[in-house]
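Thanks for making time this morning.

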Amino acid sequence: MENSLPSKIIDRTSSSYKIKKFLRKNLGGWLIMLPGLALFTFFVWKPLFQNIILSFSHTMGMKAVGFAGFENYKSVFQDVFFIDALVNTFKYLFWSIIIGFFIPIILGILLSEVVHFRGFFRLGIYFPSIVSGMAVAIMWSYLFDPNPGAVLNQLLARLGFKYSGFLSNPKLTIPLIILTMTWRGAGATALIYLSSLQNISNSQYEAARIDGANWFNRLRFVTFPHLMPTIKLLFILQVISVFQVFYEPMVMTGGGPNGASVSLLLLSYNYYQQMELSKSAAVAVILSLIIIVLTVIYLRLSNPNKREAKNV
Amino acid sequence: MRKLLVIILLVACGLLSACGGGDDRIKVSIGMWPEEILTKDVEMFRSWEENFEKDYPQYDIVPDHYTYSPDTVIAKATANQLPVVFQTYFTEPKKLIANGFIRDITAELQELGWYDKMDPMMRETLSADGKIYGVPRDGYGLGLFLNLEMLYDVGVIEKNSDGTYRLHDDSGNPLYPTTFDDIRRVSELIVENIDYTYGIVILSANKNGGWQFSNMAWNFGCKNLQVYRDGKWEANLNDPGAVRALEWIQTMRQEELISSDASLSYNDWYLKIGSKQVAMAFCGSDALSLPVTNYNFPLDQFAFVPMPTGDGESRYSLYGGTPYVFSANATDEQVKGALLFLKYMGRSPEVDDISVDAMELGFKTAQEKGMPILPTIKAWADPDYLEVANELEEKYINVNMDYFKDFFDTINEMKKPEEPNYCQDMYALLDNAIQSILSNPNAVAQSELTTANAQFQKNFLSKINK
């Protein structure tokens, strides 16, 4: 048998070889990614950078017509509405943790414990998530009508309570908006927890039972440690989404009463409506920075092992 | 194979004809074109289009359904998608001019001879630096909408022997509320006698609260909410008249004569009126059909009367309207085409057959739709135009004019244009003051308005004082 020898020795260190190898290996992948990248560039990255540019510019319509330095940021920080919106945004965060963070965990655990009609309960809990967010906001604003003849006030009256101003009461506005958001979003989040719970092996519960663990201890020592990564991830996602709360206050209260529910994103939209594009862009940049900083702090605090490993 | 070849050839021919068969007519997009579901209105516009294109074959009218809003206009203008002509509000042109979204049409208006025929107050509102940027469609005055049945039920007004309502006593004095104290008195009667109702709806959101409040402030004795002094604009939102107006709202709330709902906007006045949750509402004279078309409110059950006075002397009706404005990217020819099309819509000062026919078609369509046909506040002051327009109007009016006469008889003396600078932004700040009063029983009207005043001066008026 005759051995076929290469007619030419391939120089594996040459740059042309490396390029050819790279292309052969990656070209298909890049070609597949290209439409996605183009869309990302056009719809995400370009607007993002353009927004940053606008925040440092004087504007006419949506065009930057001159460099403004930090003038827009200064003007935003001096605006009393900005302080209100900033404080409110943290209030949204606070109430979303109090109301919106634990409910899906509880629902997830309850769902995993249900033996009969599990599909029915799953659908029932998930159902509000199917409804359009705008429709949910409109529906709840009707329910929260402060007039004595309105549904919830009639219910309160029948139960012997006083009429409530609901969204017209500045102290209740943000918790009620969060309640609406939780009503819509809790089901979907509960299903994520449920899928995590279903990954926990039964043998661990059985072992805990043999060790004499009661219901609470099983929850504490088996369920929660397994759920923790999901809880951490969903917490971060919740913080990010609550900071971007926008259409619920816009539809339900318009940011009122007297700015009691205006969020940073709604403030940015208000500037946009006033045709102050540069100030609107500046608020958006500030909001992004706040979210980035909070996320980094949270990740650092929640990953002590990584820090310790680095120190070693 | 042969089939495939035929298909390819057909597609190629189609593409070629699409590319080559260009229409070199001047395209004029009409932003106020009605949505397709409004079949009667679309039919009317199609008829105007047909007449226009027959007389001006060089133009191609392009329907464009654009409802103006401050947030969509920016995107539309940036993407060069604004129609050649579109409707806006009287408070908007200054902002649109500053951002370069609309264009000067002085030369075109002068060429057509329309410039001098325009209502002078409206012309001033649409002008900047000696140039004019729009054509008024019509005007409105704020007034008081009354649910006659409810007012009769609580004994405020009486009935004639023929079953119609009587709004004046034998000496000709109005029985309906003419002062804010009267409104309070009537509201008490309504609340006492009809379950789950309030006397009047007070708007408080979407800049609509501030819009109506500015009229209330004038009628409580505030001359202006913006004052030009020593070459600078000063905010005057905490004028004693404005404070008295806000205190009136507070008293009404404390006595539970108005709702505590701090999110009521313009859609709510006709919802509340239409569903008989309130007996009275402030609204524009151009919006009287809304309870009828949206909630089947009977044409013979409502009246529209002048704005009440707060101090017994000040009687103003906020005067605004709807102008047509022209995209900054429109060419002179397109602007001219759009202006000529307005004539075919019966919206010009011309009184030839074309205009009169177009106006009549407008009335007939409104009649077919069951809309109330009432006098309007005209955009043009030309005597010939006024004569023809008023004559036509009288022919088609389908309501009992006794219920509207007082408003239309006094509007010319009472009308007062909106405040000149950053009007919508001022309204937003006034909304906040009203919301505060509605939601917090301990709020102090003076301090709420002082806060709004400082914010308006700092955030807005300071920009033009530079």
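How many bridges join strand E6 of chain B to E14(B), and do the two run parallel or antiparallel? Before I answer, please keep in mind that this is a predicted model. There are seven bridges between strand E6, residues 134–147 of chain B, and E14(B), and the two strands run antiparallel.

Now to two loop residues of chain B. Glu256(B) has a phi near 55°, which is a positive value in a residue other than glycine, and its place is in the loop between helix H10, residues 240–254, and helix H11, residues 266–274, of chain B. Is Glu256(B) buried, exposed or partly exposed? Glu256(B) counts as partly exposed, because it has 14 C-beta neighbours inside 10 Å, and the partly exposed class lies between the cut-offs of 12 or fewer for exposed and 20 or more for buried.

Asn296(B) also has a positive phi, near 55°, and is again a residue other than glycine. Its place is in the loop between helix H12, residues 290–295, and strand E13, residues 302–306, of chain B. With 10 other C-beta atoms within 10 Å, Asn296(B) is exposed.

Turning to chain A, we find a secondary structure of 13 helices and two strands. For its 312 residues, a compact globule would have a radius of gyration near 20 Å, but chain A has 27 Å. The C-alpha atoms of chain A, taken along the principal axes, fill a box of roughly 100 × 75 × 40 Å, and buried residues make up 29% of the chain. If we consider contacts in chain A between residues at least 6 apart in sequence, 65% of them join residues at least 24 apart.

One local detail in chain A is the peptide bond between Gly256(A) and Pro257(A), which is cis, with omega about -5°. Pro257(A) is placed in the loop between helix H10, residues 247–252, and helix H11, residues 264–273, of chain A.

Finally, where do the two chains meet? The contact takes 25 residues from chain A and 26 residues from chain B. On the side of chain B that touches chain A, helix H3 (70–78), helix H17 (423–439) and helix H18 (445–464) of chain B each supply at least two residues, and the largest share, six residues, comes from H17(B). Sorted by class, that side of chain B has 14 polar, eight nonpolar and four charged residues. I have described this contact by its residues, although the size of an interface is often given as the accessible area lost when the parts come together.

Notes. Residues are numbered from 1 along each chain as its sequence is written. Chains are lettered from A and ligands numbered from 1 in the order in which they are written. This is a predicted model: local features need pLDDT of at least 70, side-chain atom pairs count only at pLDDT 80 or more; totals for chains, interfaces and linings use all residues. Two residues are in contact if their C-beta atoms, placed from the backbone, lie within 7 Å. Helices (H or I, at least four residues) and strands (E, at least two) are DSSP runs, numbered from the N terminus. Ala, Val, Leu, Ile, Met, Phe, Trp, Tyr, Cys and Pro count as nonpolar, Asp, Glu, Lys and Arg as charged, and the others, Gly among them, as polar. Two strands pair if DSSP finds at least two bridges between them. The radius of gyration is taken over C-alpha atoms; the globule rule is 2.2 Å times the number of residues to the power 0.38.
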